[in-house]
Amino acid sequence: MKNRRNFLTRVFALGAGLAAFTRRSSAEAERTSARARPGVAPVPVVTPDVPDLPWRMADGAKEFHLIAEPVKQELVPGRVVDLWGYNGSAPGPTIQVNQGDRVRIIVDNHLPEPTAMHWHGFEVANNMDGAPGVSQDPIPPGGRYVYEFTLHQAGTFFYHSHLAMQEMMGMLGAFIMHPKEAYEPRVDKDFAILLQEYAILPNNSVPNSMNMEFNWLTFNGKSAPATTPLIVRLNDRVRVRLINLGMDHHPVHLHGHTFMVTGTEAGRQPQSTWGPKNTVLVGVAEAYDIEFVANNPGDWMIHCHLPHHMMNQMASMVGPMTRGGMGMPAGLDMERGMGIQKQGNATSQENGPSLGRGLGAGSTSEQAVSNGPMQGMPGMAHAGHGAIPTPQVSEDANRVPGFPQDAFMEGSMMAMDEMVRKPETYGLRPGWSGFAQGMMTFLRVLPPDLYDKITELQKQKPKPQAMPGMEHPHHG
Ligand SMILES: [Cu+2]
């Protein structure tokens, strides 16, 4: 709960009550702010797996410091990729301010090429809009641009590089503008989830930002099962802010509950427009706030409902690759992997499986290969489990047209519960992680004892390292 603590520390930092405040639990502070004190600040937003950006007061403004830079990021255990982001994170750290704040954001460019920061939907002066070549000169490598504005809006906003391919490398972040007083009905928990997608070819660590077939789909920079579940108390009122900036639209679905869409990327919607839903299509460059009472106990999936967005690292020809004696080479050198073809197009027979998910001719050659006995695939046996587990399939499986579908891609033999264990996964059903991939996390609606147990485990969690570039010691 570092995010929440940082936020509250900032809120109280300039007051005399800091020492007293830090002795109270953040959960207690949150309950107090949400329920007992009318007309006070809303609860802070928690962005699972993404830090909050600290600030300091300087010359009458809340001053933030964002550093655009290359980032090494682990999407799931063992899959470290080269993204571009801010302050060591993609998506970048979440910025939280209050309506009416004077805000200054220093943007340093540590990338090898120019960039510019756009404040999506902000009603600010034109020279603060961050449109490169139009409202400002691009920020050169090693350069800096200082953005400053007074914010009169409230809602779920975001920031992003306005260089299109840089967006597809990860360069965006949430920008929450809290209203002066919490909206009614007030929420007990408030979460943000940023939706992103990458096309990362076999044997590559760098996303192909030109590819339109995505094989890594993330919530807050993690693919399930590495996403951190949302932990709530039974009967909490919950807000989740869904932010999408990529190439695809994502129908995000919540199990077991009915929610209302209460806001968009432009702010709060009037209550008269709310209607019941359990899936919201979050289009590109949109944000939706959903709210509901978590009145149904249990562990509930929340996920993008596009089937391919519930998978990790899809590649064509997986079937043949799993068959003994019929292995397929996959992955090319970087030049061809990035789309510079020496022969054929990306989905032609020559390149078929090497360039990721295949279509057309690539699929045809996959169909031509008959299924043989399953030999097991390297990497499917997970640490500590010993022998390669066998999926449950019927004896005549290979005679059934269409087999296999999920038999070797989902299931308890894919589980990595231990590798992704954290306080928020405590008490999940054993083997759960074999069924969680892509844009997926859980809403865990917990009875008081289990909620308190997880809160206790969170307090024991070692404090994450300070973000690079955060030089202010009192925010460290
Ligand atoms: Cu999706």
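Reader: What is the relative accessibility of Glu148?
Author: This is a predicted model: local features need pLDDT of at least 70, side-chain atom pairs count only at pLDDT 80 or more, and totals for chains, interfaces and linings use all residues. Residues are numbered from 1 along each chain as its sequence is written, and side-chain values use heavy atoms, leaving out hydrogens and water. Glu148 counts as partly exposed (buried is under 20% relative accessible area, exposed over 50%, partly exposed in between; 1.4 Å probe, protein chains only). The relative accessibility of Glu148 is 26%.

Reader: Which side chain meets Glu148 in a salt bridge of 3.1 Å?
Author: A salt bridge puts a side-chain nitrogen of Lys or Arg within 4 Å of a carboxyl oxygen of Asp or Glu. Glu148 pairs here with Arg102. Glu148 lies in strand E7 and Arg102 in strand E5, so the pair ties together parts 46 residues apart in sequence (strands are DSSP runs of at least two residues, numbered from the N terminus). The partner is Arg102.

Reader: How far apart are the closest N and O atoms of Arg104 and Glu148?
Author: Arg104 counts as buried, at 8% relative accessibility. Arg104 forms a salt bridge with Glu148. The closest N and O atoms are apart by 2.8 Å.

Reader: How far from the copper ion do its protein donors lie?
Author: Donors are N, O and S atoms within 2.8 Å of the metal (3.2 Å for Na, K and Ca), and water is not among the atoms, so sites may look incomplete. The protein donors here are His250 (ND1), Cys304 (SG) and His309 (ND1). Cys304 and His309 are buried. The donors lie from the copper ion at 2.0 Å.

Technical notes
Helix = DSSP H or I, 4+ residues; strand = E, 2+ residues; numbered from the N terminus.
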